[in-house]
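Subject: Structure handover

Hello,

Here is the structure for you to open. Please keep it on screen while you read my notes below.

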Amino acid sequence: MRLAKAQRGFLQSLKVMNTAGVYPNVLQVVSTIEGSLSYGQTVYRYKVYNQLVTLGLVRDSGSGRMHELEITTDGLRALEG
């Protein structure tokens, strides 16, 4: 699977955080990649997150407004490819 640059960056950052035992929300993942973002950039990162969930590369184990993101086995494979 071919990933866009933003998708690959999101997955790589999430992988590092999950390896450390952290299951972050979307903003925590994005802030490790980019730092401070404008509103438009933040909205774009949420779209990237939604794409990755739809593709089955990221699992959201949280409930309601709480997010606990975890990279899936398919997500790990996508990073390798």
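In which helix do Tyr-46 and Tyr-49 both lie, and how many residues apart are they? They both sit in helix H3, 3 residues apart, about one turn of the helix. Helices here are DSSP runs (H or I, at least four residues), numbered from the N terminus.

Some ground rules. This is a predicted model, in which local features need pLDDT of at least 70 and side-chain atom pairs count only at pLDDT 80 or more, while totals for chains, interfaces and linings use all residues. Residues are numbered from 1 along each chain as its sequence is written, and side-chain values use heavy atoms, with hydrogens and water left out.

Aromatic rings

The whole structure holds 2 aromatic pairs. Rings of Phe, Tyr and Trp (its six-membered ring) pair if their centres lie within 6.5 Å; planes under 30 degrees apart are stacked, over 60 edge-to-face, and the rest tilted.

Phe-10 and Tyr-49 make a tilted pair, at 6.5 Å centre to centre and 40° between the planes. Phe-10 is in helix H1 (residues 5-19) and Tyr-49 in helix H3 (residues 39-54), so this pair ties together parts 39 residues apart in sequence. Both Phe-10 and Tyr-49 are buried (under 20% relative accessible area; exposed is over 50%, partly exposed in between; 1.4 Å probe, protein chains only).

Tyr-46 and Tyr-49 make an edge-to-face pair, at 6.4 Å centre to centre and 90° between the planes. Tyr-46 is partly exposed, with a relative accessible area of 30%. Tyr-49 has 7% and is buried. Phe-10, Tyr-46 and Tyr-49 form one aromatic cluster.

Helix packing

The axes of H1 and helix H2 (residues 26-34) come within 9 Å and cross at roughly 105°. Axes are lines fitted to C-alpha atoms, for helices over the stretch in contact, and angles run from 0 to 180 degrees between N-to-C directions. H1 is therefore roughly perpendicular to H2 (65 to 115 degrees; under 35 is roughly parallel, over 145 roughly antiparallel, the rest oblique). The contact (heavy atoms within 4.5 Å) includes Phe-10 and Leu-14 of H1 and Val-29 and Ile-33 of H2.

The axes of H1 and helix H4 (residues 73-80) come within 10 Å and cross at roughly 120°. That makes H1 oblique to H4. In this contact, Arg-8, Leu-11, Gln-12 and Lys-15 of H1 meet Gly-75, Leu-76, Ala-78 and Leu-79 of H4.

Best wishes

Methods: Helix = DSSP H or I, 4+ residues; strand = E, 2+ residues; numbered from the N terminus.
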